[in-house]
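User: Can you walk me through this one? I'd like to start with the helices and then go inside.

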Amino acid sequence: MSRIATADDPRLLAAQCDGLQPVAEVHRNPWFSVYDRGGRFTVEYHQRQVSVLPVVDGNCVVMVRPKRPVLDDCPLEFPAGGVEPDETPATAAARELFEETGIGPVEVARLQPLPPIGTAPNRTPILGSLFRVDLTRAEYEARVAADDEVIAVELLDTNSLRKLVTAGGI
């Protein structure tokens with residue numbers, strides 16, 4: 001079932017695995033906890049998560065290459081991150097877009113909510129909020145430097161993106 005998420009959508013707010021008992025926290029750090037939920041281990045972020053699908057001129061997508069030391073790689077990803085306590089998911093999405101791509105700042109009203117996204121649905125029992133924002137090439141070209149976690153901001157046309165996906169590059 002695909003639906004647009006609302007602020008009260010429980011899939012965005014709480015773990016959806018109540019039947020997996022007993023529950024024991026086996027690890028905690030400032031960003032997430034790992035729980036043993038009846039023999040199934042989950043990773044649960046302390047902040048709600050958002051991702052942004054930035055579309056330029058209707059035929060290109062902006063992606064970032066953040067440093068991922070655990071992977072020893074800098075894979076292509078959509079701009080994403082956590083929702084701070086004083087933010088709405090849309091506000092966090094606009095902030096993450098600016099921090100990771102240098103595009104903007106973009107008015108929150110331009111962000112269009114999409115159905116929620118599972119980034120690791122076999123391990124994360126809370127879906128993330130996903131937003132689309134339509135941008136112009138001029139906005140993309142006027143971007144400023146991204147934060148130091150991102151080594152590249154790339155603009156991929158739909159054909160290039162399709163080829164990367166079908167060739168296993170994403």
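Predicted model: local features only at pLDDT ≥ 70, side-chain atom pairs only at ≥ 80, totals over all residues.

User: What follows α3?

Analyst: Gly168 follows α3. The phi of Gly168 is positive, near 85 degrees.

User: And what happens at the start of α3?

Analyst: Helix α3 covers residues 158-166. At its start, a side-chain oxygen of Asp157 comes to within 3.0 Å of the backbone nitrogen of Asn159.

User: Now the inside. How many residues are in the largest nonpolar core?

Analyst: It has 21 residues. Leu111 and Val133 have the most contacts inside it.

User: Which elements give two or more residues to this core?

Analyst: The strands are β4 (49-56), β5 (60-66), β8 (128-135) and β9 (150-157). Helix α1 (89-101) is there too. α1 gives the most, with five residues.

User: Switching to cysteines. How many disulfides?

Analyst: The count is zero, with sulfur atoms required to be within 2.5 Å.

User: Is Cys17 buried or exposed? And why?

Analyst: Cys17 is buried, because its relative accessibility is 11% and the cut-off for buried is under 20%.

User: What about Cys60, buried or exposed?

Analyst: Cys60 is buried too, at a relative accessible area of 6%.

Key
Residues numbered from 1 in each chain as written. Heavy atoms only, no water. Core = buried A, V, L, I, M, F, W, Y, C linked by side-chain atoms within 4.5 Å. Buried < 20%, exposed > 50% of the residue type's maximum accessible area, 1.4 Å probe, protein only. Helix = DSSP H or I, 4+ residues; strand = E, 2+ residues; numbered from the N terminus. Polar contact = N/O pair within 3.5 Å; in protein donor to acceptor, adjacent residues only side chain to side chain.
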